[in-house]
Amino acid sequence: MRTPARVVITTHQGPDGDAIGSMLALYWFLTKAGYEVFPVVPSDYPAFLHWMPGNEHILNYIRHKERVLSVVESADWLFYLDFNHLNRTAGLNQVLAASKARKVLIDHHLAPDIEVEYEFSDPLASSTACLLFYMMLAWEPSLTDATIATCAYTGLMTDTGCFSYNIRGPETFDMVSRLMQYGIDRDGVYRKVYDNFSESRMRLLGYCLNETMEVFPKYATALISLSLEDQKKYSFVVGDSESFVNYPLSIAGVNFSAFFQEKEDRVKISFRSRGAFSANDFARAHFDGGGHRNASGGESRLSLKEAMQQFRDLLHLYEYELNK
Ligand code: 5GP
Ligand code: MN
């Protein structure tokens with residue numbers, strides 16, 4: 001192995017705050033430890049994550065294909081963060097599978113199914129950032145600093161919906177307390193992530209809630225949708241619909257929410273649930289997806305209209321579970 005060893009860190013397509021936050025936290029940690037590190041993403045990610053320290057080092061497979069192929073090809077180590085199946089890495093899938101590097105998985109999704117030499121998977125962890133933070137402390141406590149803490153905090157904050165879900169034990173708040181000791185700007189991170197939208201995104205949210213939301217009280221369920229036509233009308237950019245799926249869960253009596261977004265070649269669906277109803281089982285069974293019990297995703301090759309109708313038609317099968 002060359003010195004310094006080359007490390008590629010990658011994550012799932014459509015990376016979210018936990019994916020980018022964890023990737024950059026590990027990027028800074030391993031760089032400080034003396035490795036040559038390349039963070040790689042399969043696709044674009046929302047502008048409200050571009051402020052993060054180290055963002056300029058991220059190689060996007062869509063934009064820097066040759067460079068990504070070359071760093072993966074020559075990597076000694078490959079770190080997979082925040083996903084449980086290689087098909088979550090879209091076009092990078094084959095490239096990663098063919099790599100001879102030693103592979104490490106750090107993840108918190110259910111049922112990991114990836115060939116790696118080292119697997120750190122804990123579906124009870126609130127976020128990959130949380131799992132990674134404690135691993136970094138165990139590896140070398142002296143390396144963590146304010147930059148790493150800021151990245152890790154962003155992952156933790158976004159994957160728990162600002163500490164409102166995915167929290168099973170005290171370690172989440174223990175982690176916040178430790179991160180604050182590094183002097184992170186907690187309010188600043190919040191503002192940069194959540195108060196950073198365009199006017200058209202706010203209007204799009206209003207439109208979706210007002211015009212497309214359907215509520216099914218009998219099934220404690222609601223859906224919202226977004227067509228390609230409406231995306232054009234509201235100058236949609238990646239990240240604009242992030243968290244739309246959560247809004248219907250604020251309606252009293254709604255335990256299950258789905259958000260259907262029409263894409264050029266498919267319909268992407270996000271599912272969120274409260275309590276015992278497993279969005280993960282539902283997504284796996286009907287929409288070729290998965291994720292966590294209360295937050296999952298999937299997709300459909302039907303038209304937007306047909307996919308939504310399939311969803312409506314399925315609800316009666318779950319009437320009992322949805323109302324538990
Ligand atoms: P989101 O709705 O925010 O896109 O995703 C919610 C959760 O479900 C995330 O943890 C994500 O990794 C997972 N997820 C989203 N889409 C898919 C998918 O198509 N397949 C699988 N297996 N998981 C997904
Ligand atoms: Mn995550």
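How many Å separate an oxygen atom of ligand 1 from an N or O atom in the side chain of His 292? The distance is 3.2 Å in this predicted model. The legends below start from that contact.

**View 1. Polar contacts of ligand 1 with protein side chains.** The side chain of Arg 88 has a polar atom 2.9 Å from an oxygen atom of ligand 1. For Arg 272, an N or O atom of the side chain is likewise 2.9 Å from an oxygen atom of the ligand. On its own, ligand 1 has 500 Å² of accessible area, and the protein covers 80% of this.

**View 2. The shell of residues around ligand 1.** Strands S10 (267-273), S11 (290-291) and S12 (295-300) are the elements that each supply two or more residues to the shell. The largest contribution is that of S12, with 4 residues. There are 13 residues around the ligand, and those that come nearest are Arg 88, His 109, Lys 268, Ser 270 and Arg 272. By class, the shell holds 9 polar residues, 3 charged residues and 1 nonpolar residue.

**View 3. Surroundings of Ser 296.** Ser 296 belongs to strand S12. Its relative accessibility is 4%, so Ser 296 counts as buried, the cut-off being under 20%. The side chain of Ser 296 reaches back to His 292, where the backbone oxygen is 2.8 Å away. With neighbours within four places in sequence left aside, Ser 296 is in contact with Ile 269, Ser 270, Phe 271 and Arg 272, with Ala 279, Asn 280 and Ala 283, and with Gly 290 and Gly 291.

**View 4. The open sheet that includes S10, S11 and S12.** The sheet is built from 6 strands with mixed pairing, in the order S7-S8-S9-S10-S12-S11. Its edges are strand S7 (214-216) and S11; each has a single partner strand, so one side of each lacks a neighbour in the sheet. In this order S12 stands between S10 and S11.

**View 5. Pairing of S11 with S12.** These two strands run antiparallel to each other and are paired over 2 bridges. Gly 290 has Gly 297 of S12 as its bridge partner. Gly 290 is also among the residues in contact with Ser 296.

Definitions and conventions
Residues numbered from 1 in each chain as written. Chains lettered and ligands numbered in written order. Predicted model: local features only at pLDDT ≥ 70, side-chain atom pairs only at ≥ 80, totals over all residues. Heavy atoms only, no water. Near = heavy atom within 4 Å. Polar contact = N/O pair within 3.5 Å; in protein donor to acceptor, adjacent residues only side chain to side chain. Areas by Shrake-Rupley, 256 points an atom, 1.4 Å probe, with all protein chains shown as cover. Nonpolar A, V, L, I, M, F, W, Y, C, P; charged D, E, K, R; others polar. Buried < 20%, exposed > 50% of the residue type's maximum accessible area, 1.4 Å probe, protein only. Contact = heavy atoms within 4.5 Å. Pairing = 2+ DSSP bridges.
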